[in-house]
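Let's walk through this fold together, one question at a time. Grab your viewer and follow along.

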Amino acid sequence: MTWSIVARDPETGHFGISVASRFFAVGAAVPHIKGRVGAVATQAFVSPLYGTDGLKLLEEGKSPQEIIETLTARDDGRRQRQFHLIDANGRNAAYTGEICVDWAGHLVDDNVSVAGNMLAGPQVIAETLRVYKQKADEGAPLAERLLAAMDAGEAAGGDKRGKQSAAMVLYRDQDYPWLRINADDHADPLSELRRLYAVAQERFLHVAETMPTRENPHGMIDRRVIDQKIAELEAAREAEGRASASFATPWKPQ
């Protein structure tokens, strides 16, 4: 009852998943990612084990297609499940059970896959993939590619029951997310994701850049660097606001 996109940026190795559904808190069930390992989206009659065990198998070196075969073979509910995944080398695969609620299906391309069920039609995932690839060709950041792709899928019909929740999760090369945002119960969840992403750029993502990593367990602990970046951003926005105001034509009564 969902559609999602799973992607890997081939230049950085970073992973991202975005998902939307007419279902509460879809971000709590669908996306599973581990830095330097891979990303899995599990949906339809969702099995969280496809996500957790899928990541374990990726870490053991199994290919995405081998993981699909392993996880579905042991699951009597596989005919009503759907999942897709990618590994650290960009290998990916997808599975749609034959009794997932129509319309259901998936598309797999280089470093990206899109899958959905209970959709308005195949155009939903086709447009999601098309716009993702277009934005990638334009050099857009991974987050903006995912948001634009999901907007395109929604414009093409999205979940045929309507809207309720959406999520976007981004991992770099660590075991924790670089960014995780959720709109769990919202009239326009994809628009809410865009708003949250804009808010994250005000302070959160500056702080995220300073967090400890495997290579640097101390992180960056000089708060002055963060404060300077935030001040520069605020100054730029104020300047942009003044510039916009100077071009505004005042209204005059007739």
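Two strands pair if DSSP finds at least two bridges between them. With that in hand, here is a tour of this predicted model.

Q: What is the bridge partner of Leu85 in β6?
A: Strand β5 covers residues 81-87 and β6 covers residues 92-96, and five bridges join the two in the antiparallel sense. Leu85 belongs to this pairing, and its partner in β6 is Ala93.

Q: Which residue takes a positive phi in the hairpin of β5 and β6?
A: This hairpin has four residues between the strands. The residue with a positive phi, near 90°, is Gly90.

Q: How many of the five residues of β6 are buried?
A: Buried here stands for under 20% relative accessible area. By that cut-off strand β6 is mostly covered, and the number of buried residues is four.

Q: Which residue takes a positive phi in the hairpin of β3 and β4?
A: Strands β3 (residues 31-34) and β4 (residues 38-44) pair antiparallel over four bridges. His32 has Val40 in β4 as its bridge partner. Three residues lie between the strands, and the one with a positive phi, near 65°, is Arg36.

Q: Which strands stand at the edges of the open six-stranded sheet?
A: The strand order is β7-β8-β1-β2-β9-β10, with antiparallel pairing. Each edge strand has a single partner, so one side of each is left without a neighbour in the sheet. The edge strands are β7 (105-109) and β10 (179-183).

Q: Which residue in β8 stands opposite Ser4?
A: Strand β1 (residues 2-8) runs antiparallel to β8 (residues 112-116), and five bridges join them. In β8, the residue opposite Ser4 is Ala115.

Q: What angle does the direction of α5 make with that of β10?
A: Helix α5 packs on the sheet, where it touches β1, β2 (15-21), β9 (165-171) and β10. Its direction and that of β10 make an angle of about 145°.

Q: Are α4 and α5 roughly parallel or roughly antiparallel to each other?
A: Helix α4 (residues 142-155) and helix α5 (residues 189-200) cross at roughly 165°, their axes coming within 10 Å. The crossing is left-handed. Angles over 145 degrees count as roughly antiparallel, and the two helices are therefore roughly antiparallel.

Q: How many charged residues are in the contact of α4 with α5?
A: From α4 come Ala143, Glu144, Leu147, Ala148, Met150, Asp151 and Glu154, which meet Leu190, Leu193, Arg194 and Tyr197 in α5. By class, seven residues are nonpolar and none is polar, while the number of charged ones is four.

Q: What is the handedness of the crossing of α1 and α2?
A: Helix α1 (residues 48-59) and helix α2 (residues 64-73) pack at about 135°, with axes 10 Å apart. The two helices are therefore oblique to each other. Their crossing is right-handed.

Q: How far apart in space are Pro122 and Gly157, C-alpha to C-alpha?
A: Pro122 lies in the loop between β8 and α3 (123-137). Its relative accessibility is 42%, so Pro122 counts as partly exposed. Pro122 and Gly157 are 35 residues apart in sequence, and their C-alpha distance is 9.5 Å.

Note on methods
Residues numbered from 1 in each chain as written. Predicted model: local features only at pLDDT ≥ 70, side-chain atom pairs only at ≥ 80, totals over all residues. Heavy atoms only, no water. Axes fitted to C-alpha atoms, helices over the stretch in contact; angles between N-to-C directions. Parallel < 35°, antiparallel > 145°, perpendicular 65-115°, else oblique. Left-handed = near helix turned anticlockwise from the far one by under 90°. Contact = heavy atoms within 4.5 Å. Nonpolar A, V, L, I, M, F, W, Y, C, P; charged D, E, K, R; others polar. Buried < 20%, exposed > 50% of the residue type's maximum accessible area, 1.4 Å probe, protein only.
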